[in-house]
Amino acid sequence: MTALERYGEFFAAMQPADLDRLDAVFVENARFRDPFNEVEGLTGIRAVFEHMYANCAAARFEVLETVGEGATGYLRWRFHFRLKRDRHDRRPIDGVSRVVLAEDGRVREHIDYWDAAGELYDQFPVLGGLMRWLRARLSVDA
């Protein structure tokens, strides 16, 4: 099993208790970026995931595909979640993470790519309506 596959397994099985062992997965000065956050270091990465768990009653990543060669690889994933106020799970969000590994196999850089406007904002009444209106106005078919 490659270091990227091991990271994918960690990512897919991650629970709040796993945040205590991030140093086994990320180098000390690792960089993490998603559409809402850009942090460097274990403390910042932990804060991003703590925030996710604090706001979601249920949150898990399903790794759909792992592709990589050398120190750089990609995880295609689906994020399943329910906010604390929700009665039912929300529509899952699909994304891709670009992962750069250090020589020891730990993660040096994790950058998420996903469409926050189309995947997340669409699920909220006011923002969703605004996003649909904006897409209709900007669409070639408008």
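Me: How do β5 and β6 pair, parallel or antiparallel?

Reply: In this predicted model, β5 and β6 run antiparallel to each other, joined over six bridges.

Me: Ok, which residue in β6 is the bridge partner of L101?

Reply: That's V107.

Me: And how many residues sit between those two strands?

Reply: Five, and the two strands form a hairpin. In its turn, G105 has a positive phi of about 90 degrees.

Me: Let's zoom out. How many helices and strands does the protein have?

Reply: Four helices and six strands. If you follow the sequence, the pattern goes α-β-β-α-β-β-β-β-α-α.

Me: What's the strand order in the sheet?

Reply: The order is β2-β1-β6-β5-β4-β3, in an open sheet of six strands with mixed pairing. The edges are β2 (38-40) and β3, and each of these pairs on one side only. On average, neighbouring strands in this sheet are turned by 20 degrees against each other, ignoring direction.

Me: Which strands does helix α1 lie across?

Reply: Helix α1, residues 3-13, lies across β1 (26-33), β3, β4, β5 and β6. Its angle to β3 is about 165 degrees.

Me: Back to strands. How many bridges link β3 and β4?

Reply: There are 12 bridges between β3 (residues 56-69) and β4 (residues 72-83), and the pairing is antiparallel. One spot to look at is R60, which stands opposite H80 in β4. These strands make a hairpin too, with two residues between them, and there G70 takes a positive phi near 70 degrees.

Me: What about β4 and β5, how many bridges there?

Reply: Eight, again in the antiparallel sense, with β5 covering residues 93-101. Then find F79, which has I93 as its bridge partner in β5.

Me: New topic: Y74. Where is it?

Reply: Y74 is in strand β4.

Me: Why does Y74 count as partly exposed?

Reply: Because its relative accessibility is 38%, and partly exposed is the range between under 20% for buried and over 50% for exposed.

Me: How much of the protein's contact list links residues 24 or more positions apart?

Reply: Such pairs make up 47% of the contacts with a separation of 6 or more.

Me: Now D112. Is it buried or exposed?

Reply: D112 is buried, and it lies in strand β6, residues 107-113. Across the whole protein, buried residues make up 41% of the 142 residues.

Technical notes
Residues numbered from 1 in each chain as written. Predicted model: local features only at pLDDT ≥ 70, side-chain atom pairs only at ≥ 80, totals over all residues. Heavy atoms only, no water. Pairing = 2+ DSSP bridges. Buried < 20%, exposed > 50% of the residue type's maximum accessible area, 1.4 Å probe, protein only. Lys, Arg positive; Asp, Glu negative; His and termini not counted. Salt bridge = Lys/Arg side-chain N within 4 Å of Asp/Glu carboxyl O. Axes fitted to C-alpha atoms, helices over the stretch in contact; angles between N-to-C directions. Contact = heavy atoms within 4.5 Å.
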